[in-house]
Amino acid sequence: LPTRPVDKEKAESELTLNIKKATNPDETSPKQKHVRKCIVYTWDYHSSSSFWNGLRVQPILNDEVQTFKALILAHKVLQEGHPIVLRDAQGQSGWFETCARTVGSDSMRGYAPLIRAYVNFILSKLRFHRHHKEFNGLFEYEEYISLKNIDNPDEGYETIMDLMNLQDQIDQFQKLVFAHFRGSANNECRISSLVPLVKESYGIYKFLTSMLRAMHRRTDAMDALEPLRGRYNTQHYGLRRFYYECANLKYLTNLINVPKLNHDPPNLFDSPDG
Amino acid sequence: MAMSNMSKSVVRTGKNYLKGFTGTQIKVRDATSNDPWGPSGTQMNELAQLSFNQNDFIEMMEIMDKRLNDKGKNWRHVFKTLTLLDYLLHAGSENVVIYFRDNIYIIKTLKEFQYVDDFGKDQGANVRQKAKDITNLLQDEARLREERRSRAHMRDRLSDGPPP
């Protein structure tokens, strides 16, 4: 299947090893080289069942750090893996729920609330993708999708509301992560969960901006869009603060470019492309 | 330093021989080695020409794929292969463009490449930037076309000598 020179048998055994290493008990970020191999596997073979199976058999549930790292790994593979990952993941909600339920009362290192919130967010994300199959895991902008939705304003309106709900959930979750930083300790593991959140929130933001602009161009009922404008502006300020706080985390800015938003939200009545 | 590089290149020559790499593959391996210099313009230009031959093209992709998936310690392999790829996308055969569009995830997933060396220097930064640039180029069909056209145009003019 792949046009790359690959060896399926070797890939399967390496996948198991990569999942194991990405979710080891060290309180660090899941190593990107292992995460990357999992992502590449799903593209090479257009399949994610081995990935989900591999994750399920890892004995991670009695260790809060391992569970948290497994969620970061799953989130990144959902975002950047082959589209089939999002479809296959619909059958994995049981496993995610188990992660949230199993995390012990003896959460010595304070990951329990983070794990529960992360699972909540991932399940919402999966619900979104179930209803809106045209979006990829990172909400990367493609013009035809926004055109498609403004042909049917009702559907467009609903999609925007659903995207905004997801964006609100990212905002709540990131605040929880920041609230759980430990003063003197090494926060690398917690910070690494912010990386996929920054990417995803920015993808949604760009999508919302272009969809709302397209809707404003097309419709005469400006009043009907007023609630969306209000909510969009609120989210703009929330995101701006989130990115500002992320920009102060050296570990994070070494890994990704944190977007910098203007002070004021962009004008939705403008069309930048004329 | 010079000595250790020399002995490394001796080892590389031995490996080339033992593993049965072809002449073209050895050229790719040399251009993307762990030496702290290169690849040179001459090397990249020669490989760009070779990419127009189907056999050489396949052999090249085999080595480039290995190099791109190399581990952090060998970040130079990854970085120099990206440098070579950038050149090939501009001046090599159309097959290079098709191959890496199909397999763009190999490049995309290098945008978070990490390697901090023993002196605490973040050597991954170069790889991350280059991976971003190439991803953007691959996703911008119009720009890639234009850049390939102007490169070919320039090459023709240079080979024809100055206009009369």
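Mentor: Before we start, contact here means heavy atoms within 4.5 Å. Also keep in mind that this is a predicted model.

Trainee: Is B:V96 buried or exposed?

Mentor: Buried, because its relative accessibility is 0% and the cut-off for buried is under 20%.

Trainee: How far is the C-alpha atom of B:V96 from that of B:L137?

Mentor: Those two C-alpha atoms are 13 Å apart, while the residues are separated by 41 positions along the chain.

Trainee: Let's move to helices. At what angle do the axes of α5(B) and α8(B) cross?

Mentor: Roughly 25 degrees, with the axes coming within 10 Å. Helix α5 of chain B spans residues 75-91, and helix α8 of chain B spans residues 124-139. The angle is under 35 degrees, so α5(B) counts as roughly parallel to α8(B).

Trainee: What's the handedness of that crossing?

Mentor: α5(B) and α8(B) make a left-handed crossing.

Trainee: Which residues make the contact?

Mentor: From α5(B), the list includes B:W75, B:F79, B:L82, B:L85 and B:L89. From α8(B), there are B:V127, B:A131, B:I134 and B:L137, among others. By class, the α5(B) and α8(B) contact has 11 nonpolar, three polar and two charged residues.

Trainee: Which backbone oxygen does the side chain of B:T135 reach?

Mentor: The one of B:A131, at 2.6 Å.

Trainee: And what does B:T135 touch, not counting residues up to four places away in sequence?

Mentor: On that count, B:T135 touches B:I104, B:I107, B:K108 and B:K111.

Trainee: Last topic, chain A. How do the axes of α9(A) and α11(A) cross?

Mentor: They come within 10 Å and cross at roughly 155 degrees, with α9 covering residues 153-179 and α11 residues 194-218. That angle is over 145 degrees, so α9(A) is roughly antiparallel to α11(A). The crossing of this pair is left-handed.

Trainee: What's the class breakdown of the contact of α9(A) with α11(A)?

Mentor: There are 18 nonpolar, five polar and one charged residues in the contact between α9(A) and α11(A).

Note on methods. Residues are numbered from 1 along each chain as its sequence is written. Chains are lettered from A and ligands numbered from 1 in the order in which they are written. This is a predicted model: local features need pLDDT of at least 70, side-chain atom pairs count only at pLDDT 80 or more; totals for chains, interfaces and linings use all residues. Side-chain values use heavy atoms; hydrogens and water are left out. Axes are lines fitted to C-alpha atoms, for helices over the stretch in contact, and angles run from 0 to 180 degrees between N-to-C directions. Helices (H or I, at least four residues) and strands (E, at least two) are DSSP runs, numbered from the N terminus. Angles under 35 degrees count as roughly parallel, over 145 as roughly antiparallel, 65 to 115 as roughly perpendicular and the rest as oblique. A crossing is left-handed if the near helix is turned anticlockwise from the far one by less than a right angle, and right-handed if clockwise. Ala, Val, Leu, Ile, Met, Phe, Trp, Tyr, Cys and Pro count as nonpolar, Asp, Glu, Lys and Arg as charged, and the others, Gly among them, as polar. Buried means under 20% relative accessible area, exposed over 50%, partly exposed in between (1.4 Å probe, protein chains only). A polar contact is a pair of N or O atoms within 3.5 Å; within protein, one must be able to donate a hydrogen and the other to accept it, and residues adjacent in sequence count only if both atoms are side-chain atoms.
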